[in-house]
Amino acid sequence: MKAVRVHRTGGPEVLSYEDVPIPEPQAGEVLVKLEAAGVNYIDTYQRSGLYRIELPAILGQEGAGVVVRLGAGVKNFKEGDPVAWTGVLGSYAEYAAVPEDRLVAIPSGLSAKQAAAAMLQGMTAHYLARSTYPLKEGDICLVHAAAGGVGLLLVQIARMCGATVIGTVSTAEKEALAREAGAHYVIRYTETDFEAEVKRITQGRGVQVVYDSVGRDTFEKSLDCLALRGMLVLFGQSSGPVPPFDPQILNRKGSLFLTRPSLGHYIATREELLERAGDVLGWVKEGRLRLRIHAEYPLSRAAEAHRDLEKRRTSGKLLLLPGQ
Ligand code: NDP
């Protein structure tokens, strides 16, 4: 089969499109023929070496397709079932062997592309808004990179929770998309001081929570945007990792909370995975959560997808299509 492998860490050029054997599903695993694989920022961290993985490896944390073979002891799936998953490495490929306890059935009426586009970023937006800091009516939240893959979904889910949403973006096009997703206020943080703007919008009080995936470039000012006892949810580092941090700063700035969550810890049990995936895929099906697929690339052009993502050229989901 064709797959995109990484043999050494580096830039997008280390993504190698090559022939590899189709994986054998082990006990408890299911062999899936992929229709679409999601591209996510974490793939760039694993490619560059910011996050360590054992090499060589087939990249990709998210995919959807059809069950073609069952490993020993698989109980809950059969050949022909449409399925999706996240959190298992190896989706930049024509086939992947996935533990059945990480698989989710795609509801009828949803395509594999929609499922691949919703799993990782959708469940991330879900846990951030519903569990890490459960938003409620009256809360004001700040969402950085509001027109990104996670951002557009987080804005919509934050609105569903009844919160007022302030988003940050880099361009006028992204501003329009963040507003379309439901952001009440949008700040172009590349041109305007977002801290001053948040203070102005909140009449100096600050926001209850900042969802910050940008990291190095926004971290300090994000803390300064918080109301007393507010929470900074640092969930990514698109601009680079945040340097070491003195916890005393949290006291000085108003008994703040800081957390650095990861999706894996919020879908660790099968129950939690099914609950979040059920909500997210259900909302997409009902039309309550709109997916924006920014671009689809043939699997062979994974490097181009990584370049576009890292150069801030994208708004929404990037998909890789095997067999093209
Ligand atoms: P995005 O589509 O959000 O792409 C990243 C965006 O970040 C860019 O489009 C850009 O938006 C913004 N950005 C700001 N500064 C930079 C910079 N210097 N370089 C590149 N981008 C920058 O990606 P994803 O939706 O895939 O992921 C968003 C973030 O969320 C990532 O940091 C990812 O690691 C994290 N994440 C964390 C998870 C978790 O559970 N902890 C799960 C999923 C994602 P703009 O141009 O508007 O500034």
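The chain divides into domain 1 (2-117 + 289-321) and domain 2 (136-260), with bounds taken from an automatic or database domain assignment. This is a predicted model, in which local features need pLDDT of at least 70, side-chain atom pairs count only at pLDDT 80 or more, and totals for chains, interfaces and linings use all residues. Residues are numbered from 1 along each chain as its sequence is written, and side-chain values use heavy atoms, with hydrogens and water left out.

The centres of domain 1 and domain 2, taken over C-alpha atoms, are 29 Å apart. Domain 1 gives 12 residues to the contact and domain 2 gives 20 residues; contact here means heavy atoms within 4.5 Å. About 1,200 Å² is buried between the two domains, and carbon and sulfur atoms give 51% of this area. Buried area is the accessible area (1.4 Å probe) that two parts lose on being put together, summed over both. On the side of domain 1, Leu289, Arg290 and Arg312 lose the most area to domain 2, together 43% of what that side buries.

Seven residue pairs, both residues at pLDDT 80 or more, are in polar contact between the domains. A polar contact is a pair of N or O atoms within 3.5 Å; within protein, one must be able to donate a hydrogen and the other to accept it, and residues adjacent in sequence count only if both atoms are side-chain atoms.

The ligand is surrounded by 29 residues, each with a heavy atom within 4 Å of it. The closest are Tyr127, Ser170, Lys174, Tyr189 and Leu263. An N or O atom in the side chain of Tyr127 lies 2.6 Å from a ligand oxygen atom.
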